[in-house]
Amino acid sequence: MANPPHGGILKDLVARDAPRHAELEAEAATLPAILLTERQLCDLELIMNGGFSPLEGFMNEKDYDGVVAESRLADGNLFSMPITLDASGETIKDLGLKAGSRVTLRDFRDDRNLAILTIDDIYRPDKTKEAQLVFGGDEEHPAIVYLNTKVQEFYIGGKVEAVNKLAHYDYVALRYTPAELRTHFDKLGWTRVVAFQTRNPMHRAHRELTVRAARARQANVLIHPVVGLTKPGDIDHFTRVRVYQALLPRYPNGMAVLGLLPLAMRMGGPREAIWHAIIRKNHGATHFIVGRDHAGPGKNSKGVEFYGPYDAQHAVEKYRSELGIEVVEFQQVTYLPDTDEYKPVNEVSAGVKTLDISGTELRRRLRSGAHIPEWFSYPEVIKVLRESNPPRNAQGFTVFLTGYQNSGKDAIARALQVTLNQQGGRSVSLLLGETVRHELSSELGFSREDRDKNIQRIAFVAAELTKAGAAVIAAPIAPYESSRKAAKDTISAVGTFILVHVATPLEYCEKTDKRGIYAKARRGEIKGFTGVDDPYEAPAKADLVVDVEKQSVRSIVHEIVLILESQGFLDRS
Ligand SMILES: Nc1ncnc2c1ncn2[C@@H]1O[C@H](COP(=O)(O)OS(=O)(=O)O)[C@@H](OP(=O)(O)O)[C@H]1O
């Protein structure tokens, strides 16, 4: 028998009775609807399938107040994280929502009706109090940033009746509801299960830690990674799940099971650890591993840790007797090269040499293609990570040239294209101002707004190509600093952005203009022409500044190539 759920009853809110389901489906179509955000969707999924038992909906004010103040629901049950449905005053007014009314909760991704919520109450939360008591109050904490920037001013409390399950298209077979996992454990004959929470790839240290925990408690292992929302900047769950799948055969046969948890983490350290333990209890686990800095967001911009390294362990310790799942506390596990073994740091004798590779160092080695030793991770795990993090010479980049019309940027762009084609190894895409205007922006003019839109489109296309590993050369005039900055942000999110200011003086551009465009602009036949009667803001900070009056196109291209080379983009594999 798996562990009893929190509060005694595993909630399962999906209407299985066919006539009742049909009724709810029909009613959902007639009610006002709230489109759920990504986080609300994750929360709803775990409310509906019992992962958040004893919750049966989003918290009303009484439950919320108790949870914020002392991690307790109104009925006295321990619950450490507020699970709330936020909405703006405008939405509430437009939809006519009030206590007693029913509202449909809809999936924004496919417009499917997921549940009907009967409103208990609509209340205005004290966000400062929530930030302070639940997350510790540091304004840089990601959950507090979310609370202050994304969460609307009202919370809607009430129970839900589930109409449809959320549709998933990835790793469907590995997504177990609490009931499914319990059945699975029963089938395997597992009675003692130690769950391991993670939002990171797993390496040898994690395998050692989980096996040690299983050995100590005579239990089996549930690898239970979060695939909902984790900390911004984390490795995407697609890669991580492939890593877990690669790692699984490294466990003794039959010892471990992999199940994915669609949780939206808050990175709430101590509060989150208690919540995680409750969720795992609901999934049938009897034991739960809480390690160093469990679910902590690391450090703030001043280098101060949001939580102490063992705060989460102390928090779960405090509720040990009523949690109903045994928390297995672990110190960091480290490698001892002299004996080729892993041990928790508190068991390592003084003077014994230890080795570790930090997450930052691992990312650096993945980026540069540097060696990652087998004591740290298994070759099959590293292979998965390398596939998702190709070395520089297989990554895409964008060279963005900006300057006056006829500044030479087009000639440089074309010559760079030819040079990169000669080098080979990637497809090269050329986005000349003229081509883009013709192919993507033919309806746009040259107002500031239209120019911004044009650059935004270039940035979108360049980012998509860069992400796919191409070399992109864009060469619009791009006269405004703000739109170049926006382009940089869009592209840098997925790859490298190199800004080249082609700073050929306007007089030279005009003097050498064989097409007579400047002359036309001077005569007033073209209005709002950059450099004539429209401004060009020189970039405050370019990676390279060049001038075709003083330099040949060939030497400029060589300078760009040297930048690319210095960053490893042109290395031969
Ligand atoms: N008012 C005005 N201002 C600037 N440029 C003008 C204008 N009207 C037309 N053109 C011709 O449009 C081409 C430049 O477009 P861009 O897309 O590079 O400009 S922007 O970045 O959106 O500001 C560029 O064309 P090519 O010289 O063929 O590249 C300009 O000659």
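1. Let's start with Asn 454, which sits in helix H17, residues 448–467. Helices here are DSSP runs of H or I with at least four residues, strands are runs of E with at least two, and both are numbered from the N terminus. Asn 454 is buried, with 22 other C-beta atoms within 10 Å. For this label, a residue is buried if 20 or more other C-beta atoms lie within 10 Å of its own, exposed if 12 or fewer, and partly exposed in between, with C-beta atoms placed from the backbone.

2. A word on the model before going further. It is predicted, so please keep in mind that local features need pLDDT of at least 70 and side-chain atom pairs count only at pLDDT 80 or more, while totals for chains, interfaces and linings use all residues. Residues are numbered from 1 along each chain as its sequence is written.

3. Which residues does Asn 454 contact, leaving aside its neighbours within four places in sequence? They are Val 436, Ser 441, Leu 444 and Pro 476; a contact means that two C-beta atoms, placed from the backbone, lie within 7 Å. Asn 454 and Ser 483 are 29 residues apart along the chain, and their C-alpha atoms are separated by 9.4 Å.

4. Now for the ligand. It is surrounded by 19 residues, and the closest are Gly 433, Glu 434, Phe 446, Arg 451 and Pro 476. A residue counts as near a molecule if its C-beta atom, placed from the backbone, lies within 6 Å of it. Helix H16 (433–439) and H17 each supply at least two residues of this shell, and H16 gives the largest share, 4 residues. By class, the shell has 10 nonpolar, 5 polar and 4 charged residues. In that count Ala, Val, Leu, Ile, Met, Phe, Trp, Tyr, Cys and Pro are nonpolar, Asp, Glu, Lys and Arg are charged, and the others, Gly among them, are polar.

5. Under "binding site", an unreviewed entry lists Glu 434, Thr 435, Val 436, Arg 437 and Arg 515. UniProt positions are given in the numbering used here, feature names are shortened, and annotations may be inferred rather than shown by experiment. Thr 435 lies in helix H16 and is partly exposed, with 14 C-beta neighbours inside 10 Å. Arg 515 is in the loop between helix H19 (506–511) and helix H20 (517–522), and is exposed, with 9 other C-beta atoms within 10 Å.

6. The UniProt record also has an unreviewed "domain: APS kinase" feature at residues 395–547. Over that stretch the chain is 43% helix and 17% strand, and the end C-alpha atoms are 29 Å apart.

7. Stepping back, the protein is divided into domain 1 (18–162), domain 2 (172–261 + 267–387) and domain 3 (392–566); these bounds come from an automatic or database domain assignment. The C-alpha centres of domain 2 and domain 3 lie 46 Å apart. In total there are 21 helices and 18 strands, and the C-alpha atoms fill a box of roughly 85 × 70 × 45 Å along the principal axes.

8. What about the interior? Of the 573 residues, 41% count as buried. The largest nonpolar core has 99 residues, and those with the most contacts inside it are Ala 115, Val 194 and Phe 288. Domain 1 and domain 2 both give residues to this core, so it lies between them. A second, separate core of 39 residues includes Ala 463, Val 502, Val 546 and Ile 560. Such a core is a set of buried Ala, Val, Leu, Ile, Met, Phe, Trp, Tyr and Cys residues joined through C-beta atoms within 7 Å.

9. Finally, some backbone details to check by eye. The peptide bond from Ser 53 to Pro 54 is cis, with omega near 10 degrees, and Pro 54 is in the loop between helix H2 (38–48) and strand S2 (57–58). Asp 293 has a positive phi, near 45 degrees, in a residue other than glycine; Asp 293 is partly exposed, with 18 other C-beta atoms within 10 Å. Asp 340 has a positive phi of about 50 degrees although it is not a glycine, and it lies in the loop between strand S12 (333–336) and strand S13 (341–344).
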